[in-house]
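Biologist: I would like to learn how to read the features of a model like this one. Please give me the general idea each time, then the case at hand.

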Amino acid sequence: MRRAIVMGGSFAGLLAARVLADHAEEVVVVDPDGADGSGQGAPHRRQLHALLSMGHAQLDRRLPGITGELVAGGAQVGRGPQVRYYVDGALKACLPDNTLLGATRPFLEEHVRRRVLALPNVTVVPAQARDLLFDGTRVCGIRLLPVADTARPDALAELTGDLVVDAMGRSSRLGTWLVGHGWDSAPMDRMKVDLGYATAAFTRGDELPGTVVVHASPGPASGYQQHLSEPGALVAVEGNRWSAVLVGYGDYRPGRDPEAFLRRMRRCVGPLREVADCCRLDGDIETFHFSESRKRDFTRLGRFPGGLVAVGDAVASVNPIYGQGLTLATLAASSLSVHLRSGASAHAPAWDYFRRLRVVVNAAWKISAAADLAQPHVTGPYPPGYRLLRWVGDKVVEASVTDRTVNEEFMAVVNMRKHPRVLTSPRLLLRTARVLTAR
């Protein structure tokens with residue numbers, strides 16, 4: 001194809017541009033922030049983000065050597081016992097092969113952006129995407145408003161291309177644009193979760209040697225309001241800092257008050273308590289409210305224009321406490337790569353791409369929804385057989401605390417390396433029953 005256009009230049013858009021650079025003579029990223037990527041359109045980007053092991057593997061595949069670059073810049077890589085998971089205050093069985101990256105999202109995006117924009121056929125246009133252009137039944141470009149002309153909303157320009165990618169995130173107006181041109185908007189599933197989370201940075205010294213990632217969650221029998229220890233996470237990041245996040249639902253959402261944040265950290269597991277007691281708070285506490293999970297299913301449409309795909313939060317945005325967002329973006333890029341390498345025409349409806357992406361999105365949704373529905377204030381919709389599936393899942397979580405084999409399978413699902421169906425395999429259920437019976 002001659003030109004591909006990516007609307008949005010955050011993590012998902014950059015990875016889409018990286019894939020498209022292998023298939024298009026020219027890739028244009030349209031982003032109001034331009035090449036510096038200040039991220040004003042992503043208010044949650046300064047919150048603690050996780051790149052799950054599958055996402056880390058996909059990132060290294062698309063940008064070989066980037067892990068080394070990140071580590072050289074101060075990022076941390078946690079392996080085996082350096083990554084510690086707790087359930088209701090109990091440390092889970094260690095996974096020697098588990099690997100997670102410790103870095104803030106702005107730091108990670110900065111390096112990804114530098115690598116992608118260094119490609120000779122990728123450029124950035126500082127502008128706002130305002131509408132789609134059509135040629136019959138296919139999208140042939142976009143209307144955009146250059147940042148320099150935002151005071152003149154009538155100063156729209158046109159940019160034509162063979163393929164347009166929606167990477168505009170949760171605030172995407174793609175559905176509205178499609179309806180305005182006589183097409184249907186993709187059906188959307190929603191689940192109200194009413195989650196609040198807060199992230200704080202701390203100076204990092206000699207405390208907690210050999211620790212890179214700590215994650216503490218409530219167990220099967222407790223919720224976020226009735227817990228044995230406060231849920232939260234701690235990650236060693238660049239700049240010799242710790243990044244700590246606390247979460248809560250409804251009225252239990254954490255706030256910006258430093259003293260209240262520290263008091264809450266001291267009710268967490270040992271590593272978070274130690275950081276609260278020994279380390280200096282560095283900067284303000286950042287809060288964010290996540291009202292609902294959403295996913296759009298483009299495969300449920302009866303017709304769809306050619307020359308158009310969507311990636312990242314524009315397709316699915318799930319509860320961030322499970323850390324799936326960045327990894328979903330890498331898997332969307334992988335799905336797009338497979339679609340284009342198959343020889344599919346950029347001008348045709350991308351049904352094959354959307355079918356591949358639906359498998360990934362539904363797997364992530366199944367993981368997050370099952371956990372969200374355990375919260376008393378989350379009222380559905382409940383999937384068929386939810387009560388049985390939840391009971392089975394609780395037993396697997398319980399067994400994973402002490403049994404390495406069960407924990408390996410469970411964490412493979414959490415890290416999106418395996419499909420959630422493995423948690424109901426007869427072999428794993430038999431192992432779980434033996435572990436709990438022995439206990």
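Biologist: How many bridges pair S12 with strand S15 (residues 241-249), and in which sense?

Modeller: Two strands count as paired if DSSP finds at least two bridges between them. Helices (H or I, at least four residues) and strands (E, at least two) are DSSP runs, numbered from the N terminus. Here S12 and S15 are joined by nine bridges in the antiparallel sense. In this pairing Tyr197 faces Val247 of S15. S12 also pairs with S16, again antiparallel, over ten bridges, and there Leu195 is opposite Phe290 of S16.

Biologist: Before going on, what kind of model is this, and how are residues numbered?

Modeller: This is a predicted model, in which local features need pLDDT of at least 70 and side-chain atom pairs count only at pLDDT 80 or more, while totals for chains, interfaces and linings use all residues. Residues are numbered from 1 along each chain as its sequence is written, and side-chain values use heavy atoms, with hydrogens and water left out.

Biologist: How do I read an aromatic pair, and how many does a search of the whole structure find?

Modeller: A pair of aromatic rings is described by the distance of the centres and the angle of the planes. Rings of Phe, Tyr and Trp (its six-membered ring) pair if their centres lie within 6.5 Å; planes under 30 degrees apart count as stacked, over 60 as edge-to-face and the rest as tilted. The whole structure has seven aromatic pairs. In one of them, Tyr197 and Phe288, the ring centres are 5.8 Å apart and the planes stand at 65°, so the pair is edge-to-face. Tyr197 belongs to strand S12 and Phe288 to strand S16 (residues 286-296), so this pair ties together parts 91 residues apart in sequence.

Biologist: Is Tyr197 buried or exposed?

Modeller: Buried means under 20% relative accessible area, exposed over 50%, and partly exposed in between (1.4 Å probe, protein chains only). Tyr197 has 6% relative accessibility, so it counts as buried. Phe288, at 22%, is partly exposed.

For another pair, take Phe298 and Phe304: the ring centres are 5.6 Å apart and the planes are at 80°, so this pair is edge-to-face. Both Phe298 and Phe304 are buried.

Biologist: Which charged end sits over the ring of Tyr252?

Modeller: A charge sits over a ring if NZ of Lys or CZ of Arg is within 6 Å of the ring centre and within 35 degrees of the ring normal. Over Tyr252 it is the charged end of Arg264, 3.9 Å from the ring centre. Likewise, Arg204 has its charged end over the ring of Trp242, 5.7 Å from the centre.

Biologist: Which residues touch the most other members of the largest nonpolar core?

Modeller: A nonpolar core is a set of buried Ala, Val, Leu, Ile, Met, Phe, Trp, Tyr and Cys residues joined through side-chain atoms within 4.5 Å. The largest one has 70 residues, and Phe202 and Met265 touch the most other members. Strand S12 (residues 188-203) gives the most to this core, seven residues. Another core lies apart from it, with 69 residues, including Val6, Val116, Val315 and Tyr353.

Contact means heavy atoms within 4.5 Å. Neighbours within four places in sequence aside, the contacts of Phe202 include Trp242, Phe261, Met265 and Leu281.

Biologist: Where does Asp194 lie, and what is its phi?

Modeller: Asp194 is in strand S12. Its phi is positive, about 50°, although Asp194 is not a glycine. At 27% relative accessibility, Asp194 is partly exposed. Leu208 also has a positive phi, near 50°; its place is the loop between S12 and strand S13 (213-217). Leu208 is buried, with a relative accessible area of 10%.

Biologist: What is the order of the five strands in the open sheet?

Modeller: The order is S7-S2-S1-S11-S17, with parallel pairing. Strand S7 (122-125) and strand S17 (308-310) are at the edges with a single partner strand each, so one side of each has no neighbour in the sheet. Within the sheet, strand S1 (residues 3-7) is joined to strand S2 (residues 26-30) by five bridges, and Met7 is opposite Val30 of S2.
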